[in-house]
Protein chains: 2
Amino acid sequence: MIGILDSGFGGLTVMRPIRTLLPCEEILYLGDTARLPYGEKSPKAIAQYCVENTSFLLDKGIRVLVIACHSACSAALDIVRAQFSIPIIGIIEHGLEALSQDAQQIAILGTRATINAAFYEKRIRTRCPKATIFPIACPLFVPLVEEGYCDHPIATVVANEYLHPLKEKTLDAVVLGCTHYPLLANTIARTLTKTALIDPALSCAEALHRLLNAKDLRQTKQSTGSCTFYVSDDPNKFRALGKIFLQEPIENVLSTHS
Amino acid sequence: MIGILDSGFGGLTVMRPIRTLLPCEEILYLGDTARLPYGEKSPKAIAQYCVENTSFLLDKGIRVLVIACHSACSAALDIVRAQFSIPIIGIIEHGLEALSQDAQQIAILGTRATINAAFYEKRIRTRCPKATIFPIACPLFVPLVEEGYCDHPIATVVANEYLHPLKEKTLDAVVLGCTHYPLLANTIARTLTKTALIDPALSCAEALHRLLNAKDLRQTKQSTGSCTFYVSDDPNKFRALGKIFLQEPIENVLSTHS
């Protein structure tokens, strides 16, 4: 079983390409909805939550873990790896595979936790040593998406505010460094026209696919590819809001407390 | 010692009038910053957090508790009262004392948890039986305030969106049913001109003052009125953001984990 760990809803946009590439795999998704959002919390608090959540998923029998939240990866990937021995895919580590090594000007959009940790920035410096990087924290994007304002004029006003410093640049790429941001892709694309948007979820799913093949962890084709969702707060709210992120109905939602 | 319990920062706008009315009282403030915001979480999760937090403050020696968060009051006041025997002031219970009993059209603005619980609505129906009540959930107001956008054009756009249904009404009063909203008072007043804004913190502080006198719990005038702040996440962030809410520097910030 594949475990997907997220602070709440955003990881569902990472689960989508995973389901497409690996339709027979059984998935356990954990959304820590009682403690979301992670993006404005401290690395220490986020790391503690991730260790607890990984422990929960291991008890349920996962063989491989995807940390699908950029804030969680930024704060906790090394700590979780040090404590647990299963293979772990962090979305940030594999998120840049679609980024051209020739890119000269690259923006990273993320939560404050992700931008402050500068984990993406370091990886881009290794991949594209000559690039100029513009990291921008966009804390209101997550609540905007969770309020369903993805294509609303308010989202445009907020995007203009955050992305204003980028408007005069000739950007080669914008990394959507938070799993909520792909839902704002239209709004971001209208604000920064003619710039490639990179959704790290796609290459993260490909990395998982390669890992399962390499370690011979694939399910047989007869497997149904069932999905179970655990949440630390109300399963009903997760069902209702989650389908906007996953773009399909969500069933099998259980409480982590039951 | 007076305990003030809040999900994070908003309760500091309740602490302000308490400090003005009761400058000699010692205050222990608990902001549950590792699990904020409460406003979009389930009543069950909020109630569990409030019981844990009340227990923490009791261990520190408080003699009276103010639940300074409307979402917490809505979800947990009865549950906390049933489990602990100290006197408890809930901001919602005392928040309406400035509301004229003759008011005919009253709006309540709050988080989704507060609006769904309809606790204010029930109290207004008792106080003003003939009034028409317009409850409006404004989920983006809290992140806007925490981003420092109180008087920013984005706040005006968001206020116009939420308050649009009220613009044609002849309102007698608008209840600011979330402790973050007083920081948006200018923006709300520009959107709903000539309408009285009611900040429940003021009558909550007066109710606490009466309670301490009635139960003979006042400090002597020689007491220094010291304040200690406990937070479940990073003390530094609380110090920095908290002073915007309290409107004075914040010292003595400790972690609940230390």
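Reply: A salt bridge is counted where a side-chain nitrogen of Lys or Arg lies within 4 Å of a carboxyl oxygen of Asp or Glu. The model is predicted, so local features need pLDDT of at least 70 and side-chain atom pairs count only at pLDDT 80 or more, while totals for chains, interfaces and linings use all residues. Residues are numbered from 1 along each chain as its sequence is written, chains are lettered from A and ligands numbered from 1 in the order in which they are written, and side-chain values use heavy atoms, with hydrogens and water left out.

By this rule, Glu147(A) and Arg112(B) form a salt bridge through their side chains, at 2.8 Å from N to O. Between chain A and chain B the count of such bridges is 2. Side chains of opposite charge can pair when their charged atoms come close.

Contact (heavy atoms within 4.5 Å) involves 26 residues of chain A and 26 residues of chain B. The two chains bury about 2,100 Å² between them, and 55% of this lies on carbon and sulfur atoms. In chain A, the residues that lose the most area to chain B are Leu140(A), Glu147(A) and Ile154(A), which together account for 23% of what that side buries. Buried area here is the accessible area, taken with a 1.4 Å probe, that two parts lose on being put together, summed over both.

On the side of chain A that touches chain B, α2 (43-59), α7 (141-146) and α8 (153-163) of chain A each supply at least two residues. The largest share of that side, 5 residues, comes from α8(A). By class, the side of chain A that touches chain B comprises 14 nonpolar, 3 polar and 9 charged residues. Ala, Val, Leu, Ile, Met, Phe, Trp, Tyr, Cys and Pro count as nonpolar, Asp, Glu, Lys and Arg as charged, and the others, Gly among them, as polar. Helices (H or I, at least four residues) and strands (E, at least two) are DSSP runs, numbered from the N terminus.

Over all chains, the whole structure has 19 salt bridges. One of them joins the side chains of Glu25(A) and Arg63(A), at 3.9 Å from N to O. This pair links distant parts of the chain, 38 residues apart: Glu25(A) is in the loop between α1 (12-21) and β2 (27-31) of chain A, and Arg63(A) is in the loop between α2 and β3 (64-67) of chain A.

The partner chain contains an open sheet of 6 strands in the order β4-β3-β1-β2-β9-β10 (chain B), with parallel pairing. Because β4 (88-90) and β10 (253-255) of chain B are at the edges and have a single partner strand each, one side of each is left without a neighbour in the sheet. Neighbouring strands of this sheet are turned by 20° against each other on average, direction ignored. Two strands pair if DSSP finds at least two bridges between them; β3 (residues 64-67) of chain B and β4(B) pair in the parallel sense over 3 bridges. Val66(B) is opposite Ile89(B) in β4(B). Helix α3 (residues 70-83) of chain B packs on the sheet and touches β3 and β4 of chain B, its direction making about 160° with that of β4(B). Helix α11 (residues 235-246) of chain B also packs on the sheet, touching β2 (27-31), β9 (227-231) and β10 of chain B, with its direction at about 140° to that of β10(B). Axes are lines fitted to C-alpha atoms, for helices over the stretch in contact, and angles run from 0 to 180 degrees between N-to-C directions.

Finally, the loop between β2 and α2 of chain A holds Pro37(A), which a cis peptide bond joins to Leu36(A), with omega about -10°.
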